[in-house]
Protein chains: 2
Amino acid sequence: MKLTALPCLTLLFPASAFAAGAASSPAGENLLWLALILMSARLFAPLAQRVGFPAVLGELLLGVVLGNLSLLGISFFSGVTQDPIIAFIAEMGVLILLLQIGLETQLKDLVAVGPRALAVGVIGIVMPFMLGAWIVGPWLLPGKDVNAYLFLGATLSATSVGITGRVFRDMGKLDLPAARIVLGAAVIDDVLGLVILAVVSSLVTIGTVSTSAVGLILAKALLFLGGSIGIGRLIAPWMSHSLARLDAGPSMLFAQVLSTALALSWLAHVMGLAPIIGAFAAGLLFEPVFLQKFEHPTIVRDIEAVLPAQSSADLSANSSANETDLVTRIKAVLVKHTGHQHENLIEPIGYFFVPVFFVLTGMQVDLQTLANPAVLIVGLGVTAAAVIGKLMAGLAAGREAGGWLVGWGMVPRGEVGLIFAMTGRQLGVMSEAMFSVIVIMVILTTLITPPVLSYLLKSHAQRHPFGRRS
Amino acid sequence: MKLTALPCLTLLFPASAFAAGAASSPAGENLLWLALILMSARLFAPLAQRVGFPAVLGELLLGVVLGNLSLLGISFFSGVTQDPIIAFIAEMGVLILLLQIGLETQLKDLVAVGPRALAVGVIGIVMPFMLGAWIVGPWLLPGKDVNAYLFLGATLSATSVGITGRVFRDMGKLDLPAARIVLGAAVIDDVLGLVILAVVSSLVTIGTVSTSAVGLILAKALLFLGGSIGIGRLIAPWMSHSLARLDAGPSMLFAQVLSTALALSWLAHVMGLAPIIGAFAAGLLFEPVFLQKFEHPTIVRDIEAVLPAQSSADLSANSSANETDLVTRIKAVLVKHTGHQHENLIEPIGYFFVPVFFVLTGMQVDLQTLANPAVLIVGLGVTAAAVIGKLMAGLAAGREAGGWLVGWGMVPRGEVGLIFAMTGRQLGVMSEAMFSVIVIMVILTTLITPPVLSYLLKSHAQRHPFGRRS
């Protein structure tokens, strides 16, 4: 056995004598952190729901509390946000969330809202960019370089889909047209965001824009999206069929879905896109019909075993009309559930990974940023522009499809806006003060959106009590 | 937001510009590695089963192949065994496996075999130690220091329970007395192993043994085992009841079970024990009866909704004898499945984590170790002693309880034996040649055991076709 593998082994059989050979990461502490994050997320979520907030806000606020315990002198959680293992678990969390959302989204429904999603995506990039670069920037932060305003605009144009996807999913509203428009627009914005970032960075560093560089970004993005979904949809039914012939158990079904998601996330990453786009694309590949050959879960098999076989003439003669009716109803339940077996299998793995992502997102909020009143006021102004820009995009979706929902769905900037701002700072165009303003904008857009969306979805349900309107 | 969190963020929105700020670990590559490990493990397992081998051997051999691809000049997987994130995923894998085994084991059944497990554990430590230190060592590796033989003996006394637990679980044989004896003996051996290692290390370094040091190890181990299981069994029903009142959904049940396992794994680690002992103890805490208050899975709820309510006089009048009979049988199926809801929820998370552990274990096998014929022959001799020592311990379990099964169940040395040898090398008492011999012994005991156990379990089932004999 190779000795290089010891980081793994030392945890299995720890003895202080081996500390020297062990990995530097405190793997033991990670276990406790994960236990605490997992359990407290599950305790905060129902508490948030009791006061009418969505579960994800509970997880985010828990993160804010844990991440700022150091202000009270409690440093136990300080290492969490810097730990690469916890960071990877969190990344897996948002990948699995987007996989789940993809599995629950039909490709044809997404294509149906394509034009509107494109309009929302483009307007949702252009309007916040213009508001930031030409209006709010020069007005609220006067006297800066034009490049700084360009970067502020780029930051405001970002979209982070995790929060919105989670709220729609938790409330069982992924089949609303508004949800599909937001998802489609988020994919488009990921590509356009790369273009904006490349253009602005290029303007700042070499003063000009290379058409071929922008063309390459677009070509790689289109190649990935077209290739993964186009080829994937051709391969998926055949692959499912072959794998089910080799072993039709649930673990094979699980491995097929999850490893496709991991592989496409990696491919998206390699092609310059966000890995979550790959996970979402993987979810779109699998439709229940491809997976029919896989065995039912044991409970379904066991219930089927006690149901009378309808083909047997002997049993039919004995069974009453009532019983046949009952059998029909039970079979309908079984069919409904077995069609979504792959979603049920992914669900528990989401229970583990997904809360880590949202708690860690909350932990990245540094409350000290909010302590400077001057910065806070400018931050509120920039936040208003960030919200207004996306709400204008939402109007392009049309009022009937839930324009407000779409607009608010695009509001969270999350990690994407922050990374844009980081680039600006690395390139030396963005001052510390402007960076703090952007951090406030990211915090507020991320924390405000879940309760607003939750309110809009509830009132939307009251206005449209009979289901979706497309 | 704190900037220190960027390792997490850069993967979510990668752009080469941020490479400088990103974590050094290739998180993107991890996604592809996990996808490949997960999918190929699921392909190898049924192939192994087709030729009559247990699935775990397929995963181990897959690991051997992947880990030695560098001999063919393919270096893609060379980084896997050194990656701390993959190592953590593998650790989680063995923790979840032992949690599952704990959940499927009743504490009272384990207590019932306690005396026999103690006998097997003690003999299984003493016999291989004596064989190694006084017979095989001086005979096959003459001319070494007496301390080197002591370390060889300590290494031979190690027990690694993961492989055996997996084989018993995959074959649905965890309820055999032999399985419970092996599990109990493995817990005892983990404690005794710590004692042996402390004693031998102390003899080598200061030439004497400190009774208080040994006492402290034993006290901490007993405190952990007694405390976690004793207090845990008192708290678990009350905790389950309170949590179910707050939120009776499956995600709460899942969080309760998994975070208990993670927290006890951490506690075991802190107390000097192997984390897997903590995960196993956590599994012993939960009995289906504590978890009754949690909601059924949706499929159970939906089926119950279509069943006629037996209390309703109206329906009872209409229902035939046949239907009542059918309803009774279906309800029996539902009761059977809902009792094990917590196990079903943990199952899919095992699909992800567990194969990573076994593939990574296989990857640590360096085939070049087997290339030196002289070392290989000595290695075979030491392996024979390692097997014989544990088989003698198995005889203490009694023939009727499956003495051969118990003995072979204790044979794999896995990571535990290797860490003992590492300590000896660090202390300077163990030569490179002796270390290579031990690596061969670890490889062989780990790879031989799954097929032997699988064969013994099949023939045991033929001799005892009517279930368990205690």
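A salt bridge is a side-chain nitrogen of Lys or Arg within 4 Å of a carboxyl oxygen of Asp or Glu. In this predicted model, A:Glu59, A:Arg166 and A:Asp170 are linked in a network of such bridges.

**Salt bridges**

A search over all chains finds 12 salt bridges in the whole structure. Three of them are set out here.

| Pair | Closest N to O distance |
|---|---|
| B:Arg166 and B:Glu59 | 2.9 Å |
| B:Arg166 and B:Asp170 | 2.9 Å |

A:Lys390 sits in helix α17 (residues 373–395) of chain A and A:Asp189 in helix α9 of chain A, so the pair ties together parts that are 201 residues apart in sequence. Both A:Lys390 and A:Asp189 are buried.

B:Arg166 and B:Glu59 are both buried.

B:Arg166 also bridges to B:Asp170. These two are 4 residues apart in helix α8 of chain B, so about one helical turn separates B:Arg166 from B:Asp170. An α-helix has 3.6 residues a turn, so residues three or four places apart point the same way. B:Asp170 is partly exposed, because its relative accessible area is 40%.

**Chain A overall**

Chain A has 20 helices and 0 strands. Of its 470 residues, 60% are buried. Its accessible surface comes to about 17200 Å². Carbon and sulfur atoms hold 67% of that surface. Now count the contacts in chain A between residues at least 6 apart in sequence: 80% join residues at least 24 apart.

**The nonpolar cores**

Which residues have the most contacts inside the largest nonpolar core? They are A:Phe352 and B:Phe352, in a core of 292 residues. Setting aside residues up to four places away in sequence, B:Phe352 touches A:Met92, A:Phe254, A:Leu258, A:Leu262, A:Ile349 and A:Phe353 in chain A. In chain B it touches B:Leu34, B:Leu38 and B:Ile89. There is also a second, separate core of 20 residues. A:Ile303, A:Val306, B:Val327 and B:Leu334 are among its members.

**Helix α4 of chain B**

Helix α4 of chain B covers residues 84–103. At 1.5 Å a residue, its 20 residues should span 28 Å, and its end C-alpha atoms are 28 Å apart, so the two values agree. Of these 20 residues, 19 are buried, so α4(B) is largely enclosed by the rest of the structure. At the start of α4(B), a side-chain oxygen of B:Asp83 comes within 2.8 Å of the backbone nitrogen of B:Ile85.

**Two buried residues in chain A**

A:Asn68 lies in a loop of chain A, between α3 (55–67) and α4 (84–103). Its relative accessibility is 7%, so A:Asn68 counts as buried. Leaving out residues up to four places away in sequence, A:Asn68 touches A:Val365, A:Asp366 and A:Leu367.

A:Val182 lies in helix α9 (residues 177–206) of chain A. A:Val182 counts as buried because its relative accessibility is 2%. Beyond its neighbours within four places in sequence, A:Val182 is in contact with A:Val161, A:Thr164, A:Val406, A:Gly409 and A:Met410. A:Met252 is 70 residues from A:Val182 in sequence, and their C-alpha atoms are 32 Å apart in space.

Key: Residues are numbered from 1 along each chain as its sequence is written. Chains are lettered from A and ligands numbered from 1 in the order in which they are written. Side-chain values use heavy atoms; hydrogens and water are left out. A nonpolar core is a set of buried Ala, Val, Leu, Ile, Met, Phe, Trp, Tyr and Cys residues joined through side-chain atoms within 4.5 Å. Buried means under 20% relative accessible area, exposed over 50%, partly exposed in between (1.4 Å probe, protein chains only). Contact means heavy atoms within 4.5 Å. Accessible areas come from the Shrake-Rupley method with a 1.4 Å probe; for residues, only the protein chains shown count as cover. The expected span of a helix is 1.5 Å times one less than its number of residues. A polar contact is a pair of N or O atoms within 3.5 Å; within protein, one must be able to donate a hydrogen and the other to accept it, and residues adjacent in sequence count only if both atoms are side-chain atoms.
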